[in-house]
Protein chains: 2
Amino acid sequence: MGTIMSDVQTPLSRENFLQSVKYDAAGLVPAVAQDVTTGAVLMLAWMNEHSLRQTITTGNVTYWSRSRQQLWRKGETSGHTQRLVEAYVDCDGDTLLLKVEQTGPACHTGAPACFFRMLRE
Amino acid sequence: MGTIMSDVQTPLSRENFLQSVKYDAAGLVPAVAQDVTTGAVLMLAWMNEHSLRQTITTGNVTYWSRSRQQLWRKGETSGHTQRLVEAYVDCDGDTLLLKVEQTGPACHTGAPACFFRMLRE
């Protein structure tokens with residue numbers, strides 16, 4: 001089964017972090033938001049480089065809305081904001097993980113998280 | 001801030017679950033794998049309908065490798081398999097969340113999870 005490395009994080013400076021991200025053909029990267037307190041996976045949304053820079057600079061998680069084709073500061077209308085606590089980029093640079101402080105429900109349906117529909121065999 | 005709904009899951013039958021999934025133009029949907037024991041977000045990979053059906057049928061998490069353009073049963077060469085415990089589809093059907101029992105490290109680098117590069121300001 002191989003050896004499990006100790007759970008060491010590799011720290012990256014802001015510029016190294018930004019340069020590590022590989023965007024898809026549309027200039028986007030998926031970002032998984034996880035509640036830093038509960039560990040719940042809240043949602044997945046998309047970022048372009050501008051929204052990622054804005055998220056890091058302001059601490060207010062800001063996505064790119066693919067449906068509206070515009071920057072989308074999470075909670076800008078609902079008040080259900082996400083405060084960035086930790087940001088990770090995966091091994092091959094094509095996914096982000098954001099640990100956040102979530103205010104209110106993360107899902108537009110009012111559910112705490114977007115993953116409330118479960119397979120039940 | 002609105003009201004937070006109680007954390008109730010909506011159960012879906014296998015066919016309803018499969019029909020809820022919306023694939024992108026390439027026929028793929030992102031799947032987030034979360035360690036059911038620790039809550040750690042392990043990785044994000046992609047599934048097509050065939051790999052999702054195979055995952056549900058066998059309990060062995062099986063992705064679609066975009067680089068190799070073939071089915072990829074996680075751990076088929078490394079032994080670092082993922083056993084499906086719970087599967088969720090998000091509110092708009094375009095992301096999956098898989099709670100898994102991970103054998104060995106999830107990342108091909110040997111790290112426990114793919115998200116080991118962290119922004120450090």
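L12(A) stands opposite L119(B) in β8(B). This is a predicted model, in which local features need pLDDT of at least 70 and side-chain atom pairs count only at pLDDT 80 or more, while totals for chains, interfaces and linings use all residues. Residues are numbered from 1 along each chain as its sequence is written, and chains are lettered from A, and ligands numbered from 1, in the order in which they are written.

Some terms before I go on. Strands (E, at least two residues) and helices (H or I, at least four) are DSSP runs, numbered from the N terminus. Two strands pair if DSSP finds at least two bridges between them.

Back to that pair of residues. β1(A) and β8(B), residues 117-119 of chain B, pair in the parallel sense over three bridges. They belong to an open sheet of six strands, in the order β1(A)-β8(B)-β6(A)-β7(A)-β2(A)-β3(A), with mixed pairing. β1 and β3 of chain A are at the edges with a single partner strand each, so one side of each has no neighbour in the sheet. From one strand to the next the twist averages 30°; axes here are lines fitted to C-alpha atoms, for helices over the stretch in contact, and angles run from 0 to 180 degrees between N-to-C directions. Within this sheet, β2(A) and β3(A) run antiparallel and are joined by six bridges. V29(A) has M47(A) as its bridge partner in β3(A).

Now the other sheet. Six strands form an open sheet in the order β1(B)-β8(A)-β6(B)-β7(B)-β2(B)-β3(B), again with mixed pairing. Its edge strands are β1 (10-12) and β3 (41-47) of chain B. Strand β6 (residues 82-89) and strand β7 (residues 96-102) of chain B run antiparallel, with seven bridges between them. A87(B) in this pairing is opposite L98(B) in β7(B).

What surrounds E86(B), leaving aside its neighbours within four places in sequence? E86(B) is in contact (C-beta atoms, placed from the backbone, within 7 Å) with M118(A), V36(B) and K99(B). E86(B) is found in strand β6 of chain B.

On to the interface. 50 residues of chain A are in contact with 50 residues of chain B. β6(A) gives the most to the side of chain A that touches chain B, with four residues. 100% of the interface residues of chain A are also interface residues in chain B, so the copies meet through the same surface.

How are the two copies related? Chain A can be laid on chain B with an RMSD of 0.0 Å by a turn of 180° and a shift of 0.0 Å along the axis, superposing by least squares on the C-alpha atoms of residues with pLDDT of at least 70 in both. The copies are therefore related as by a two-fold rotation axis. In chain A, the C-alpha nearest the axis belongs to G39(A), 2.9 Å from it.

Notes: Contact = placed C-beta atoms within 7 Å.
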